[in-house]
Amino acid sequence: MADPRVPTLRVERLQKSYGSKIVLRDVDLEVMRSETVAIIGPSGSGKTTLLRCINYLESPTSGMVWIDGQPMGRVPRGDGTLVPSGERVLARQRRAIGFVFQRFNLFPHLSALDNVAIGLHKVHGLSKTAARERAADELRKVFLNEHLDKRPYQLSGGQQQRVAIARAIASDPTIILFDEPTSALDPELVREVLDVIRILAASGRTLVIVTHEMRFAREVAHRVIFMDEGSIVEQGPPGELFGAPREPRTQRFLEHFVQSAGARSP
Amino acid sequence: MKIDWDIVQTAIPLLAKGTLVTLQIALISGVLSILLGFALGLSALGNVRLLRLLVAGYVDFIRGTPLLIQIFLIFFALPVVGVRLNEIWAGIVALSLNTAAYMAETVRGGVGSVERGQTEAARSIGMTQPQILTYILLPQALRPMVPPLTNELITMTKNTSLLSVISVYELTRAGQAIISVHFVPFEIYLLLALYYYALIKSLSWLSRWVETRMPVL
């Protein structure tokens, strides 16, 4: 078991730019074991890019990401210096991180069961039978035991997202990242997905959730981070950040949200 | 126009023999070009930059030069560098190399058209690039690839007639041999057209059958 004083996730001076457009500016972030962190902010603030840089779906322009003290996207050379790792090493490093996408990204040619089992079998080396048994267990946890053999197109958006969550947690990753997990869902399907995430948070998983569901963030997160223009503007316990935001930008964002989108929160 | 039915009767079995050779060449070249086409197409999607450039250059060369010239190149140039192939195998090599280039483009395009989120999801669960190709992208890309690949196989089958120029005794050459003896070009070319048509038709039926057997996504 990892040293509890070492943060589960440490992001250090992370920069990301596309050409001359800077999307992330020197982001520093630490997430401790079993912590649930919600990231909020206007579109284009860099929330999603931050998540994608953490598991190197996007390569950061500079800066470091550490998972349980291990550098992502880097391998130590003989003299101890870190050099960028190749795709193969990166694939291994990514096993420590679960990722839930806004648009689910389930594999359409596989059943719900095999969507979860394929990683366990092909990546983690479980036998096909063991992988499927484990996958069935994971799908039970997200209340999909009756849909194991269905293809993604036979499932509702909420059910698809729950399969995607089962797929992300099946290999018991160190940390799970959620990229606006309910933004692509019809309003009546949001709750079933949030309920599942709520259970994960309560069971001591380490979660980072980019979300627009303010009430959910307030209720579930231990800490809420407000991002704007590629930087973390303010962070704190949800009571403080939502109740008494210090920064004018946070205040403006939250006021705007209460007026326009607040009605969506379940 | 009067048709010489005696010649037609004589020609039918002779042309059938040529058809057999055409069929053999098409089958072997078909298998080889599919294998090579997939290898090239997947290399074009891989991480190795040098390999990608080589494939791109190869495809560019094949597309930019006539097949007839490629056949002559293989047939006459290979012996110079010490590779001796009889005319049938030289023809098979030329057709396969040619067709594979077009197939490589189809494979690259087919796999490349699978939604980006699929690769990202596969990466996020720790799959390596070869695993992503094998278990995620190819299974989804295969069915939409069948019609264009069939087109290329059909084109290749028709192109076997070009091998008559290096004396491969295939269907066209068999017809020309009859013409040179009996001087009945109309009857024979009409028969040749019918033979090729039947061959190609059965190929497209086969392809439609293959397509229906593949899983719908």
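**Exercise 1.** In what order do the 6 strands of the open sheet in chain A stand, and is their pairing mixed or of one sense?

*Solution.* The structure is a predicted model.
Step 1. Going across the open sheet of chain A, the order is β8-β9-β10-β3-β11-β12.
Step 2. The pairing in this sheet is mixed. As background, strands of a sheet pair through backbone hydrogen bonds, in either the parallel or the antiparallel sense.
Step 3. At the edges stand β8 (97–100) and β12 (231–236) of chain A, each of which pairs on one side only.
Step 4. On average, neighbouring strands of the sheet are turned by 20 degrees against each other, direction ignored.

**Exercise 2.** Describe the pairing of β9 with β10 in chain A, and identify the helix that lies across these strands.

*Solution.*
Step 1. Strand β9 (residues 175–179) and strand β10 (residues 207–210) of chain A pair in the parallel sense, over 4 bridges.
Step 2. Within this pair of strands, A:F178 stands opposite A:I209 of β10(A).
Step 3. The helix is α6 (residues 187–202) of chain A, which lies across β3 (36–40), β9 and β10 of that chain. Its direction is at about 150 degrees to β10(A).

**Exercise 3.** Characterise the contact between chain A and chain B.

*Solution.*
Step 1. On the side of chain A, 23 residues are in contact with 21 residues of chain B.
Step 2. About 2,000 Å² is buried between the two chains, and carbon and sulfur atoms give 59% of this area.
Step 3. Of the area that chain A buries against chain B, 25% is supplied by A:F107, A:H109 and A:K122, more than by any other three residues.

**Exercise 4.** Determine the volume of the largest cavity and the make-up of its lining.

*Solution.*
Step 1. The whole structure holds 1 cavity of 30 Å³ or more. The largest cavity contains about 100 Å³ of space.
Step 2. Its lining has 15 residues; those nearest the centre are A:H124, A:R167, A:A168, A:S171 and B:I125.
Step 3. From chain A, β8, α3 (112–123) and α5 (157–169) each supply at least two lining residues. The most come from α3(A), with 3 residues.
Step 4. By class, the lining of this cavity comprises 7 nonpolar, 5 polar and 3 charged residues.

**Exercise 5.** Which residues lie nearest the centre of the largest pocket, and how is its lining divided by class?

*Solution.*
Step 1. The largest pocket holds about 500 Å³ of space.
Step 2. Of its 21 lining residues, B:I34, B:T150, B:L153, B:L203 and B:L206 lie nearest the centre.
Step 3. The elements giving two or more residues to this lining are α1 (5–45), α6 (129–159) and α8 (185–213) of chain B.
Step 4. The lining of the pocket has 16 nonpolar and 5 polar residues, with no charged residues.

Definitions and conventions. Residues are numbered from 1 along each chain as its sequence is written. Chains are lettered from A and ligands numbered from 1 in the order in which they are written. This is a predicted model: local features need pLDDT of at least 70, side-chain atom pairs count only at pLDDT 80 or more; totals for chains, interfaces and linings use all residues. Side-chain values use heavy atoms; hydrogens and water are left out. Two strands pair if DSSP finds at least two bridges between them. Axes are lines fitted to C-alpha atoms, for helices over the stretch in contact, and angles run from 0 to 180 degrees between N-to-C directions. Contact means heavy atoms within 4.5 Å. On a 1 Å grid over the protein atoms alone, a cavity is a set of points where a 1.4 Å probe fits but cannot get out, and a pocket is an open set with protein on both sides within 12 Å along at least five of seven lines; lining residues have an atom within 4 Å of a point. Grid points are joined across faces, edges and corners, and a volume is the space filled by probe spheres set on the points. Ala, Val, Leu, Ile, Met, Phe, Trp, Tyr, Cys and Pro count as nonpolar, Asp, Glu, Lys and Arg as charged, and the others, Gly among them, as polar. Buried area is the accessible area (1.4 Å probe) that two parts lose on being put together, summed over both.
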